[in-house]
Amino acid sequence: MQHTDMLPRDTAVRLIDEHGTAVPDERYALPDTASLLAAYRGLVEGRRINDQAGALVRQGRLAVYPSSHGQEACQVGAAMVLGDTDWLFPTYRDSVAVIARGVDPADAMVLLKGDWHSGYDVRAHRVAPQATPLATQLLHAVGFAQAAKHRGEDTVVLALCGDGATSEGDFHEAMNFAAVFHVPVVFFVQNNEFAISVPLSRQTAAPSLAHKAIGYGMPGQRVDGNDVAAVLAVLGEAVSRARAGGGPSLVEAHTYRMQAHTNADDDTRYREREEVQAWIDRDPLLRLRAHLTSTGALDADAEEGFAAGAEEIATAMRAALNTDADLDPEDLFRFVTATRSPQLEEQWHLLRDEIERSRLADAGTARDGDHR
Ligand SMILES: Cc1ncc(C[n+]2csc(CCOP(=O)(O)OP(=O)(O)O)c2C)c(N)n1
């Protein structure tokens, strides 16, 4: 590959504009109507899942929820470009992608509820556990893809990360190893402009995050992350290239985190409302709806059907999360190491005694209440 072919475009690839009008592109074709309808269904469901999870946080049913509201086109596109034998390596913000890949929403919420490290069978779904330590999943993804290559498996790995994670050393190591060893991995960076309160301008001085690719010797491309058609086309090409033995690549999606980092964050402290407001016009869901309605592919019946399906998912999520799981606190210490270290044993005893003390205190309060 000529080194100039590794450079991303100066502007992000876009196949459907903010008004829903198709934009012709010399290299990337608009996905067919069936794919766009499937993507639209995914966007409707993804938005509903984000909203429902936010409500469950406010009800105390989820400990935390990093919402992908506004980033659903990236989430759905990431799941749709993968084949059955491929693998997804997601982060804490990628629950909608995990669910779009087939994981039950209630199982995907187990981590965010705080019950267990991961609530789904990673092998059955070919989805690695959602990673919270930034960029660590990129190294796992590259190692996994390299192993699959050695075994002669038809596996492409799609590794997700945010713009902030590109400043981590792990990002560099993963990119470098992938390029040197020609590993079948695609790095998909969702540039949502913020790493909690830190804006992109404090994260990099590069012309774009996709420009970093050429420094490692792999192609980079930029895509409008709120245009699911473009995400499908650009990511799809990158996955096909990796599958055909063409090696790794980096795709940067330009998108925006519409809500606070998590429920523990107050985004009014570091960004103007007008900025957030401006991105509402670029909403991925409204854009695709406008397009599909104008071409006649989406009618009121289909729209109602998608909304009803999304509502069913939300209802099932509520039912599952309103049920208290029967948890054994000692599980926190099981499976960490084959034999428990004296430090872990001591920590377990501290926790066990604390639980016992609070149980006795609760019983005492109940007895006092009886005497009153
Ligand atoms: C190694 C590491 N350092 C710091 C953190 C704390 N942290 C959690 S999320 C976050 C911001 C990440 O921003 P970005 O990569 O852009 O992803 P986004 O949350 O916007 O999806 C930070 C610094 C962490 N989880 N892991």
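How far is a nitrogen atom of the ligand from a polar backbone atom of Leu-134? In this predicted model, the distance between the nitrogen atom and the polar backbone atom of Leu-134 is 3.1 Å.

**View 1. Polar atoms facing the ligand.** Besides the backbone of Leu-134, which places a polar atom 3.1 Å from a nitrogen atom of the ligand, the side chain of Asn-192 has a polar atom at 3.0 Å from an oxygen atom of the ligand. Phe-194 takes part through its backbone, where a polar atom is 2.9 Å from an oxygen atom of the ligand. On its own the ligand has 590 Å² of accessible area, and the protein covers 72% of that area.

View 2. Across the whole structure, a search finds ten aromatic pairs. In the pair of Trp-87 and Phe-89, the ring centres are 6.1 Å apart and the planes meet at 40°, so the pair is classed as tilted. Trp-87 and Phe-89 are both buried.

**View 3. Helix H2 and its cover.** Helix H2, which spans residues 72-80, is mostly covered, with eight of its nine residues buried. The buried residues of H2 are Glu-72, Ala-73, Cys-74, Gln-75, Val-76, Gly-77, Ala-78 and Ala-79.

**View 4. Two loop residues with positive phi.** Ala-135 is found in the loop that runs between helix H6 (122-125) and helix H7 (136-150), and its phi is near 70°, a positive value in a residue other than glycine. With a relative accessible area of 1%, Ala-135 counts as buried. His-182, which is likewise not a glycine, has a positive phi of about 55° and lies in the loop between helix H8 (169-180) and strand E3 (185-191). The relative accessible area of His-182 is 40%, so this residue is described as partly exposed.

Methods
Residues are numbered from 1 along each chain as its sequence is written. This is a predicted model: local features need pLDDT of at least 70, side-chain atom pairs count only at pLDDT 80 or more; totals for chains, interfaces and linings use all residues. Side-chain values use heavy atoms; hydrogens and water are left out. A polar contact is a pair of N or O atoms within 3.5 Å; within protein, one must be able to donate a hydrogen and the other to accept it, and residues adjacent in sequence count only if both atoms are side-chain atoms. Accessible areas come from the Shrake-Rupley method with a 1.4 Å probe; for residues, only the protein chains shown count as cover. Rings of Phe, Tyr and Trp (its six-membered ring) pair if their centres lie within 6.5 Å; planes under 30 degrees apart count as stacked, over 60 as edge-to-face and the rest as tilted. Buried means under 20% relative accessible area, exposed over 50%, partly exposed in between (1.4 Å probe, protein chains only). Helices (H or I, at least four residues) and strands (E, at least two) are DSSP runs, numbered from the N terminus.
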